[in-house]
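Please keep the sequence and the model in view while reading.

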Amino acid sequence: MPLNLPDKLPAIEILKRENIFVIDNSRATEQDIRPLKIVILNLMPIKITTETDLIRLLSNTPLQLDIHFMKLKSHTPKNTPIEHMMMFYRDFEDMKDEKFDGMIITGAPVETFDFEDVTYWDEITTIFSWAKTHVTSTLYICWAAQAGLYYHYGIPKYSLPKKMFGVFPHISLMPQLPIFRGFDDAFNIPHSRHTEIRKEDILQNKALTVIAESAQSGVGIVMARNGREFFITGHIEYAPDTLDKEYRRDMGVRNDVEIPVNYYPNDDYHLSPRVTWRAHANLFYSNWINYYVYQETPFDISKIK
């Protein structure tokens with residue numbers, strides 16, 4: 001089944017060139033089936049890139065998905081045309097009475113701030129609370145994972161002595177979970193962050209379960225509420241060249257930038273990056289949709305609670 005996307009969304013043409021089957025709203029209305037409603041709260045600076053990354057992964061499910069984009073009223077993005085935001089995004093205030101089968105909340109470039117000092121903290125915590133009763137399952141990514149764990153469960157974050165930057169091997173601590181169905185014994189996740197959460201804090205909270213970790217990058221994925229919440233500390237959704245772009249952007253500008261780990265062949269940034277996480281990224285998102293969104297959501301979406 002294809003994804004149902006807003007008409008004229010830039011990601012449509014990009015993904016069609018990759019032979020990914022997507023349809024726009026005009027064509028989708030001809031089909032007599034209830035698609036799963038997925039809402040994406042995109043906090044990343046370059047919205048179109050993140051939209052494409054996430055849609056690429058969501059496209060692998062055989063189920064039809066109806067994709068919606070949410071934005072914050074209290075924050076105006078600087079790196080995405082206002083016309084794009086007005087055409088494809090809606091404020092939370094305009095969506096708060098709706099219910100969704102799944103939600104994805106992305107990272108944001110604010111991790112060095114204390115949570116309460118983030119200008120949109122009040123609005124985003126309202127959304128975090130809303131998601132518990134209006135969404136079947138929510139994925140929190142990178143900064144959103146740290147923020148969600150702090151807001152919902154009081155888990156603190158800690159500054160790192162240097163940026164956690166690269167592609168790191170992880171192991172599943174609960175391989176029997178449906179989210180890991182089809183996974184190998186080890187799988188890679190890209191990370192790009194200056195802060196961390198610690199396993200010892202999570203273990204003190206019985207509502208939380210660490211389900212994946214890395215010897216190098218620490219806690220990888222935390223689960224809560226039997227899969228109604230997943231907190232992913234890295235960026236399994238990243239495109240092959242995202243870390244490369246970040247590295248070249250920061251070279252000579254920041255003094256804490258090191259070459260991303262396990263990314264370039266022979267650590268030579270003149271060579272094309274080696275992609276080692278894409279298959280598991282596709283599998284993770286397919287499993288999330290199939291086992292935690294589709295099988296757990298009621299047919300009558302108004303009955304989500």
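**Aromatic contacts and their surroundings**

Phe115, Tyr120, Trp121, Trp143 and Tyr150 are linked by ring pairs into a cluster. Rings of Phe, Tyr and Trp (its six-membered ring) pair if their centres lie within 6.5 Å; planes under 30 degrees apart count as stacked, over 60 as edge-to-face and the rest as tilted. The model is predicted: local features need pLDDT of at least 70, side-chain atom pairs count only at pLDDT 80 or more, and totals for chains, interfaces and linings use all residues. Residues are numbered from 1 along each chain as its sequence is written, and side-chain values use heavy atoms, with hydrogens and water left out.

Phe115 also has Lys157 over its face, at 4.5 Å from the ring centre. A charge sits over a ring if NZ of Lys or CZ of Arg is within 6 Å of the ring centre and within 35 degrees of the ring normal. The charged end of Arg181 is likewise placed over the ring of Tyr291, 4.6 Å from its centre.

Trp143 belongs to the buried residues of helix α6. Helices (H or I, at least four residues) and strands (E, at least two) are DSSP runs, numbered from the N terminus. Helix α6 spans residues 143–153, and nine of its 11 residues are buried. Buried means under 20% relative accessible area, exposed over 50%, and partly exposed in between (1.4 Å probe, protein chains only). After α6 comes Gly154, with a positive phi near 70°.

In the whole structure, a search finds 24 aromatic pairs. Phe230 and Tyr292 form an edge-to-face pair, because their ring centres are 5.0 Å apart and their planes stand at 85°. This pair links distant parts of the chain, with Phe230 in strand β12 (residues 229–232) and Tyr292 in helix α9 (residues 278–294), 62 residues apart. Phe230 is buried at a relative accessible area of 0%, and Tyr292 counts as buried at 6%.

Strand β12 is covered on both faces: Glu229 and Phe231 are buried on one side, Phe230 and Ile232 on the other. Two strands pair if DSSP finds at least two bridges between them. Strand β7 (residues 135–141) pairs with β12 in the parallel sense over four bridges, and Thr138 stands opposite Glu229. Strand β11 (residues 218–224) runs antiparallel to β12 and is joined to it by four bridges; here Ala224 has Glu229 as its bridge partner. The hairpin of β11 and β12 has four residues between the strands, and in it Arg225 takes a positive phi near 55°.
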